Amino acid sequence: MSTTEHAKQALLKTKFFPYWLDNKAAPEPEPSLKDNISCDLLIVGAGFTGLWAAIHAKEQNPERDVVIIESQCVAIGASGRPAAILSASVVHGLENADRFFPEDIVELERLGKENMDGFRETIEKYEIDCDIEWGGELTVAVGEEGIPDLEREYKLYKEHGHDAHMLSGEEVRAEINSPLFDGGLWSKQRSGTVHPAKLAWGLKRIAKEKGVRIFEYTPLQDSKHLKPGVLVNTPEGSVKANKVLLATNAFAAGSKKIKNRVAAIRDRIVVTEPLTDEQLATIGWKNRQGVYDTRTQLNYMRLTADNRILFGGRLGYFFNNNTDPKADKSADNFVNLVKNFYKTFPTLKDVKFSHAWSGPIGLTTRMAVHYQSYYKGDMVYAGGYSGFGVTATRFGSRIGLAVLDNTGIPETKLKFARTQPNWIPPEPFRWIGAKITMYALDTMDEKGGWRVPWIRLVEKMGFPITQNELG
């Protein structure tokens with residue numbers, strides 16, 4: 001049997017739906033809005049950004065009347081679909097901070113550590129059951145050519161006070177036994193893994209306990225500036241709000257202008273059936289780190305609480321920012337990901353996959369949260385985390401509220417908060433460019449050639465799509 005046929009066989013009984021959301025613990029959705037109401041603050045979107053923003057707002061002022069509307073149900077978007085490997089960075093990692101915000105990197109690192117400590121404190125204070133584990137982050141070199149990437153990152157980690165450790169090939173394989181891994185960088189503190197849907201459901205509970213009104217299956221249809229305030233219309237009601245925070249990330253509701261700077265790039269994930277103790281023993285992984293590799297089209301992986309392996313990567317893009325393409329709900333689009341899994345863990349060649357899914361990442365040219373203001377500042381969009389949002393959303397929502405309320409806190413003076421990512425070309429140029437770029441990423445490590453100058457050109461245009469800019 002060919003490797004392709006073997007991968008297809010492993011996907012025969014796969015459910016094409018997020019493993020995280022396929023859970024009996026999911027809370028019942030809140031009723032949809034069927035009235036005309038008013039509030040101090042309206043939040044559009046009940047993912048991590050929206051839920052954290054509601055909690056922040058009520059903690060800052062318990063009397064503030066806060067409403068959330070969600071087009072479907074809590075965490076159905078990016079918040080219920082990630083690998084959920086926790087990172088202390090609030091701007092997509094140290095290398096990204098060094099590339100785009102070198103003048104602010106010291107402060108951003110301080111804020112990132114403070115944010116992670118607050119993230120952990122909230123989970124512990126409110127007893128959120130979200131399978132959180134603090135095993136750290138492990139970046140692994142695939143081939144000797146990946147080791148210089150680790151060395152550059154290690155230098156940054158040490159400069160900024162992280163508990164980071166370089167591992168030899170033998171040492172990294174003692175942590176996770178894969179023939180592909182030739183070195184590693186293990187950041188041990190303030191990182192780990194979490195069950196993202198359980199986290200979102202816990203945040204929903206906290207928000208409700210604090211008096212936030214939540215309406216699910218209530219999409220924003222249109223909005224109008226009331227000078228001051230904003231009127232938001234929904235299918236069966238409306239909300240008159242003093243301020244509006246658009247926490248819609250890749251879904252880009254509220255204004256077509258958001259799409260000029262945010263692309264809904266799709267990331268694909270497969271999850272195995274639970275491993276037996278014997279299967280798990282063949283790969284080790286006793287410290288249960290979240291793992292990234294150094295390849296151009298990288299893979300990432302982690303363990304779940306019931307010892308499944310989540311394995312992700314293989315970016316894709318569908319025309320016109322389609323955030324729910326039917327074509328991404330079939331086995332064919334996951335075959336290459338499964339083949340990479342078997343190469344990574346050959347001792348698990350008989351493992352089957354219970355779940356597979358893709359989800360939209362709100363990708364920008366600088367891969368970090370940004371803010372767009374509308375209606376003379378009465379409405380603000382906060383999004384564009386580019387795949388590192390599980391912890392960064394707590395920070396991004398807090399600063400988004402400060403921008404919306406014009407409080408003037410020091411964080412709003414930093415470059416990331418007062419500038420915008422670069423403009424992204426419209427369709428059909430976006431789709432054509434994305435297709436060429438995704439193909440180049442898929443094949444560059446093996447074939448090189450024209451792919452290297454193409455990726456170099458894309459990065460010079462402002463799209464940091466590899467871990468390190470090509471020389």
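Author: A disulfide is a pair of cysteine sulfur atoms within 2.5 Å. The model discussed here is predicted, so that local features need pLDDT of at least 70 and side-chain atom pairs count only at pLDDT 80 or more, while totals for chains, interfaces and linings use all residues. Residues are numbered from 1 along each chain as its sequence is written, and side-chain values use heavy atoms, with hydrogens and water left out.

Reader: How far is the sulfur of Cys73 from the closest cysteine sulfur?

Author: The closest cysteine sulfur to that of Cys73 belongs to Cys130, and it is too far away for a bond. The structure holds 0 disulfides. The separation of the sulfur of Cys73 from that of Cys130 is 18 Å.

Reader: Is Cys39 buried or exposed?

Author: A residue is called buried under 20% relative accessible area, exposed over 50%, and partly exposed in between, using a 1.4 Å probe and protein chains only. Because the relative accessible area of Cys39 is 6%, Cys39 is buried.

Reader: Where is Ile258 found?

Author: Helices (H or I, at least four residues) and strands (E, at least two) are DSSP runs, numbered from the N terminus. Ile258 is buried, with a relative accessible area of 0%. Ile258 is found in the loop between strand S11 (237-246) and strand S12 (263-272).

Reader: Which word, parallel or oblique, describes H2 relative to H10, and why?

Author: Axes are lines fitted to C-alpha atoms, for helices over the stretch in contact, and angles run from 0 to 180 degrees between N-to-C directions. Angles under 35 degrees count as roughly parallel, over 145 as roughly antiparallel, 65 to 115 as roughly perpendicular and the rest as oblique. Helix H2 (residues 48-60) and helix H10 (residues 389-405) pack at an angle of about 50 degrees, with their axes 8 Å apart. H2 is therefore, relative to H10, oblique.

Reader: What is the handedness of the crossing of H12 and H13?

Author: The axes of helix H12 (residues 429-447) and helix H13 (residues 451-460) come within 9 Å and cross at roughly 130 degrees, which means that H12 is oblique to H13. A crossing is left-handed if the near helix is turned anticlockwise from the far one by less than a right angle, and right-handed if clockwise. While the crossing of H2 and H10 is right-handed, that of H12 and H13 is left-handed.
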